[in-house]
Amino acid sequence: MSEALPGLDLERLRAYLDRAAPGLVAGPLGGRMITGGKSNLTYTVTDGTGSWVVRRPPLGHVLATAHDMPREYRVMSALRGTDVPVPRTHVLCEDPDVLGAPFYVMEHVAGTPLRTLDEIAPFGAEGVRSIASALIATLGALHAVDPEAVGLGDFGRPDGFLERQVRRWSRQLEASRSRDIPGVDELRDRLAATLPEQGAPAIVHGDYRLDNVLVTGDGRLTAVLDWEMATLGDPLVDLGLMLVYREQPVIGGARPATSAEGFPDSAELARTYAAATGRDVSRIGWYVAFGCFKLAVIAEGIHYRHTRGLTVGAGFDGIGDVVAPLVRRARSVLEED
């Protein structure tokens, strides 16, 4: 028997899949919400034999350009067969009449996202270091993919990418601004005034971090998830944001998985990436500061939805508390850049 699944009507989903992907599902569907996500709603569904994952946008207030189901579906479909591990995609539905919003169905891949120290500690220091190495190697593999070769040549506009990113996240901030955030406007202006020279463009994940990949019990990285912000642009934004998460506490106070013994520090991660890709990381401080700004805006958007009762699941109570520390961290990093 399934739990209540806000945002997912299993009977309507089954009827749609019978039309759009005949033979995929063989019986009545059961399901559950996958916990831990703070953005799109993610569910596992099963007919008792096979299992799949369904992704759809959150309920309520949705920022413009965020929660882009077709974008996620397209990039994962394109990357299938490359050195970047992604789930197999089955069907994309852009008709909001089915579930109330666009959604897609993909393969259910073995593995677990590692968020906390308790979750990663059983791997031991050597295993933790191996997972971190795989994380960096996979990021390098993504940034080595030729967008044209996988049908993503028109996936974004690399020219002027960083300038547009600062503008975009500034607009997202205004769309969710409901309280005073000390220093955020000064941070935005400083980022815009100190843009680095962009390197060679690549496919950018947009939210690359340890808990957006799946890791099996034997330490294999089996899939990269959460591609809603993927585009073409300066790949160092991925490295910068990953380094933000390297030092970022888990919502709720748990120690992050990246604090485990064996996980390299930010400087070593940046050096490893540079050695693997040949890219210049001398201005990585700007990218870390931008990552803090972006994450602060995302957290503020979730806080905005939560204060209006529009979030689903647990763990949202303290998310607004991370915004001010991220802004302070970004300003401090920029002072050193």
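Author: Two packed helices are described by the angle between their axes and the distance between the axes. In this predicted model, the axes of α10 and α11 come within 8 Å and cross at roughly 165°, and α10 and α11 are therefore roughly antiparallel to each other. Axes here are lines fitted to C-alpha atoms, for helices over the stretch in contact, with angles running from 0 to 180 degrees between N-to-C directions; angles under 35 degrees count as roughly parallel, over 145 as roughly antiparallel, 65 to 115 as roughly perpendicular and the rest as oblique. Helices are DSSP runs of H or I with at least four residues, strands are runs of E with at least two, and both are numbered from the N terminus.

Reader: Which residues of α10 and α11 make the contact, and how do they divide by class?

Author: Contact means heavy atoms within 4.5 Å. On the α10 side the residues include Trp286, Ala289, Cys292 and Ala296, and on the α11 side they include Leu326, Val327, Ala330 and Leu334. By class, the contact of α10 with α11 has 13 nonpolar, one polar and two charged residues, where Ala, Val, Leu, Ile, Met, Phe, Trp, Tyr, Cys and Pro count as nonpolar, Asp, Glu, Lys and Arg as charged, and the others, Gly among them, as polar.

Author: Residues are numbered from 1 along each chain as its sequence is written. Local features need pLDDT of at least 70 and side-chain atom pairs count only at pLDDT 80 or more, while totals for chains, interfaces and linings use all residues, and side-chain values use heavy atoms, with hydrogens and water left out.

Reader: At what angle do the axes of α6 and α10 cross?

Author: Those axes come within 9 Å and cross at roughly 25°, and α6 and α10 are therefore roughly parallel to each other. The residues of the contact of α6 with α10 divide into eleven nonpolar, five polar and two charged; among them are Trp169 and Leu173 in α6, and Phe290 and Val297 in α10.

Reader: Which residues of helix α7 are buried?

Author: An α-helix has 3.6 residues a turn, so residues three or four places apart point the same way. In α7, which spans residues 184–193, Val184, Leu187 and Leu191 are buried (buried means under 20% relative accessible area, exposed over 50%, partly exposed in between, with a 1.4 Å probe and protein chains only). Seen down the axis of α7, its buried residues fall within an arc of 55°, so they line one face of the helix; the arc is that of the directions from the helix axis to the C-beta atoms. What covers these buried residues includes α6, α10 and α11.

Reader: In helix α1, which residues are buried, and which are exposed?

Author: Leu10, Leu13, Tyr16 and Leu17 are buried in α1. They cover an arc of only 125° around the axis, which puts them on the same side of α1, whereas Glu11 and Arg19 are exposed on the other side. The partners against which the buried residues of α1 pack include strands β1, β2 and β3.

Reader: Where is Asp226, and what is its phi?

Author: Most residues other than glycine have a negative phi, and most peptide bonds are trans. Asp226 lies in the loop between β8 and β9, and its phi is near 60°, a positive value in a residue other than glycine.
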